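Subject: Structure for your files

Dear colleague,

Here is the structure I said I would pass on. My notes come after it.

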Amino acid sequence: MYTPKKEQFHTFEETEHGVFGLFDTPAQIIDAAQKTKEKGYTNFDCFTPYPVHGLDDAMGLPRSGLPWVTFFMGLFGCITGFSMQYLTHKYDWPINISGKSFNAWFAYIPITFEFTVFMAGLSTAAALFFLAKLPRTGRKVLHPDITTDKFALWIPSNSANYSEGSVTDFIKGLGSKHVETVK
């Protein structure tokens, strides 16, 4: 059974110093991420212009905790939406309309559904911004091609086993066309 774990809500500590290499295809970046994990580097990241299936597994990242936020806040929205209507119609303003019972639950479904979606969506967006520490306005662009058509592997200076020369040689050995050190 899939249960929530603390490491699912991890935060990534960024550093401005490190080495990155550019790759041309998603297969290359997945292979590079897997070899980087096997080599023992930590805190590394991969930047891609679009989502790449299997990259999280290759990097060794745990599943995201955002689905749990969405589920529980959706459940909260569902219960709250239904309860507001039920308590209002049953206790606050009990008006008998056409002989219907005070708990005509089928009439509550549209508002219950809308409030469920509203709470789940809003809380998921808020949790994403909180966990990703967004917005970050002071970031510098590593390379202009990273978000257009290239895939980048970033190994920061606070990574385990980090040595600038060995990391540069390692990324070149993975088949990177462009390797650059950021200081």
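Predicted model: local features only at pLDDT ≥ 70, side-chain atom pairs only at ≥ 80, totals over all residues.

Overall layout

The protein chain holds 5 helices and 4 strands. Read from the N terminus, their order is β-α-β-α-α-α-β-α-β. The radius of gyration is 24 Å, well over the 16 Å that the globule rule gives for 183 residues, so the chain is more spread out than a compact globule. Along the principal axes, the C-alpha atoms occupy a box of roughly 80 × 35 × 25 Å.

Of the 183 residues, 28% are buried. The accessible surface amounts to about 11,700 Å², and carbon and sulfur atoms contribute 63% of that.

Helix α5

I looked at this helix in some detail. Helix α5 spans residues 164-173, and its buried residues are Val-167, Thr-168, Phe-170 and Ile-171. Viewed down the axis of α5, these buried residues fall within an arc of 160 degrees, so they line one face of the helix. After α5 comes Gly-175, which has a positive phi, near 105 degrees.

Ser-64

The other place I checked is a loop. Ser-64 is located between α2 (55-59) and α3 (66-92). Is this residue buried, partly exposed or exposed? The relative accessibility of Ser-64 is 39%; the partly exposed class runs between the buried limit of 20% and the exposed limit of 50%, so Ser-64 counts as partly exposed. Setting aside neighbours within four places in sequence, Ser-64 is in contact with Tyr-2 and Gln-8. Thr-48 is 16 residues from Ser-64 along the chain, and the C-alpha atoms of the two are separated by 18 Å.

Regards

Technical notes. Residues numbered from 1 in each chain as written. Heavy atoms only, no water. Helix = DSSP H or I, 4+ residues; strand = E, 2+ residues; numbered from the N terminus. Rg over C-alpha atoms; globule rule 2.2 N^0.38 Å. Buried < 20%, exposed > 50% of the residue type's maximum accessible area, 1.4 Å probe, protein only. Areas by Shrake-Rupley, 256 points an atom, 1.4 Å probe, with all protein chains shown as cover. Arc of directions from axis to C-beta. Contact = heavy atoms within 4.5 Å.
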